Every structure is written in C-alpha cells, then in structure tokens.
Amino acid sequence: MTYIRLGYVAMSMELQNASPSQTMTYAQFSKLKDREAAIRRLERIAQSNLHNCLRLLRHNEAGGIEFFRFSSKLIPLADHPELSDWSYMRSVKQETAAIKAYLREHPHIRADFHPDHFVVLNSPDMEVLKSSIKALTFHYKMLKAMGIPPRHRCVLHVGGGYQDKEQALEQFILNWAYVPVPIQEMIILENDDTLFGADDVLYLCEKLGIPFVFDLHHHKMNPQGDFEGKWERIAKTWECSLLPVKIHLSSPRDKKNPKAHADYVEVTEILEIAKGNRGYVQQIDVMLEAKLKDSAVFRMAEELKHTSGFKQVKGACFQFKPL
C-alpha cells in the first residue's frame, strides 16, 4: 500500500485575485523619483503576495491538497544589488508570522520552493555561484520566517553543461564545498529534459547525500535507462530526509512542443509512477507541473477516484494498492 499526495505550483486557477507573484521590475522602481516611496510600494506588493499565499494554503486545505510549491517571486527585487540596504524581511514580518501560525495548526502540509533557472551551483564562474547562493539564502530566510524547517525544501537542476558535461558534473561537486552547510541541507536535485538525466543526478545525489526528485516527463525527453530499475536507488537518497519521496509529473503540451507542459496531467503518468514504485516507498508526494495548476489536481483526483487500485483518503490524497 502506497500513500500518494498530489500538489501544484504556486498559483490557483480556482481562487480569484490571489496571485503570490505580483512584481515590480527595477526599471519601474528606478522611474519613481522618491526612493522611499518606491520601497514602500515594493513592500506593499510583497505583503500582498504573502497574504495571498495564506489564502492559497487555506484554499488547499479546503480541497484536501496537502502539497504546495511557493512562488520564488514573493518579494520583488529582494536580491537586487541596488537594494542591498533594504531590510525586506522586516516589512513582511506580520504576513510570514500568519503563515507560520497556520502551518503550525496544519502540520501535515508540505510546502517548498523551486528557485528560478538562473540559480545554478555548477557554474565555473564564481560570481554566478555567489549570486546563486545569495538567491538560495533568500529562500532559506523565507522558510525560516514561515516556520518551515529548511531541510530538503528547495529543488534545483544541476545547471549548465558548459561544453563539457562530465566536467560540469565534477564542477558541481567542487562548488558544493563553497555552499554554506545550511544551504546545502536545503537542496534537493532534479533531472532535466535536455542534459542531466536520471543517472547523472543520481551520481551527484549518492555522492553528496542529496535527495533526488525524479521528473518522469523530463526522463522521457532525456532518458537514461529504465526508471523502474532506479526506484530502489531513488528511495535510498531520501533515507536521510524526514520528508517523503518527491516526484514531478507533467504531460507534453503536444507533438510540436513535447517538452512544454500541458494544461493537465494524464492519469497514465501517475499510474506509471505508482506501479513502478513496487513497494519501495510507503509515501510519494507528487507535484503536478501543469498549466492549470490546482484545476489539474482536482481533475486528476476525480479521475483517480474511478481508477483501479486507488482509494481516496481525502481530496488529493490517495492510497494505492496494485490489483
């Protein structure tokens, strides 16, 4: 018997006027002659984003969704070098405290981050590495402020190939020594759809003690062997974590854009994961990376209620037992 929870990314299609990613560019900021007024506007945007995060968590709880990815754009320009004197965390203290209180009352909720693509830890350029660590430090601060233990809460891709894939893998290991330990402990790694496949990422995860987030869609676009044969190794990378194994699922948009995400995720994708697990792990948290966000979760939950082997526990939470 495997317990499976479905989750979605950042924004609801069902809840109106609840964007957690409202933003302000530095160009817009610079056009405002009164710098203090511009900072106040940034703070109002950040406060609104975090207020909407709390609304989303409540919406999820009402729908039986226990897994959620926060937007990485909660505080616009938080890491911009021209705003290094801005104490942005102080401005959202009330909002993060409210989220912390809510999560304390609902400890079953799993929430995490997936920092933007420019956050890479295998760059040979030390300035890029420093910038990436700075961005990850922002995520660490947000997790701490919201009362979420940071360990294993940030998904990253390996990074760039830099014209030598094997060297790029070794560069990740070399750069890892420069990453502060609290940030190291926050990281989990995902295979990508172009360069670093499942075997590449497992190599790093097993060597450095990092949990592996398997993405089935990426694996199909960039295959390295049969994923079912890797389940035991995937499960072992999570033995160091208090969190369940995490999987990413999505479906291709169409034949012309097979790497792009579709509006929904086909139920056949989760069947592959559930059957492939073969009892290696008792719980799997499945992040649906679909354009229609929570609508995709609700549709899959409805389909799973009528799928052999699945029994609904509540909302988007199911037990699976192969027939």
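I started with Arg 299, which comes out partly exposed at a relative accessible area of 31%. This is a predicted model, so I'm reading computed values throughout. Arg 299 pairs with Glu 266 in a salt bridge, 3.8 Å from N to O. I placed Arg 299 in helix α12 (residues 293-304) and Glu 266 in the loop between β7 and α11, 33 residues apart. Glu 266 is partly exposed too, at 41%.

Next I looked up Glu 206 and Arg 233. Their salt bridge has its closest N and O atoms 2.8 Å apart. The pair links helix α8, where Glu 206 sits, to helix α10, where Arg 233 sits, over 27 residues. I noted 42% relative accessibility for Glu 206 and 33% for Arg 233, partly exposed in each case.

Then Lys 314. Which residue does Lys 314 form a salt bridge with? I found Glu 66, with the closest N and O atoms 2.8 Å apart. Lys 314 is in strand β9 (residues 310-314) and Glu 66 in the loop between α2 and β2, so the pair ties together parts 248 residues apart in sequence. Is Glu 66 buried or exposed? I get buried, at 6%, whereas Lys 314 is partly exposed at 31%.

I also checked for shared partners: Arg 5, Glu 66, Arg 110, Asp 285 and Lys 314 join into one network of salt bridges. My salt-bridge count came to 22.

Last entry: Glu 43, in helix α2 (residues 35-62). I have Glu 43 as buried because its relative accessibility is 12%, under the 20% cut-off. The Glu 43 side chain makes a 2.8 Å polar contact with that of Arg 40. Beyond its neighbours within four places in sequence, Glu 43 touches Trp 86 and Ser 91.

Notes:
Residues are numbered from 1 along each chain as its sequence is written. This is a predicted model: local features need pLDDT of at least 70, side-chain atom pairs count only at pLDDT 80 or more; totals for chains, interfaces and linings use all residues. Side-chain values use heavy atoms; hydrogens and water are left out. Helices (H or I, at least four residues) and strands (E, at least two) are DSSP runs, numbered from the N terminus. Buried means under 20% relative accessible area, exposed over 50%, partly exposed in between (1.4 Å probe, protein chains only). A polar contact is a pair of N or O atoms within 3.5 Å; within protein, one must be able to donate a hydrogen and the other to accept it, and residues adjacent in sequence count only if both atoms are side-chain atoms. Contact means heavy atoms within 4.5 Å. A salt bridge is a side-chain nitrogen of Lys or Arg within 4 Å of a carboxyl oxygen of Asp or Glu.
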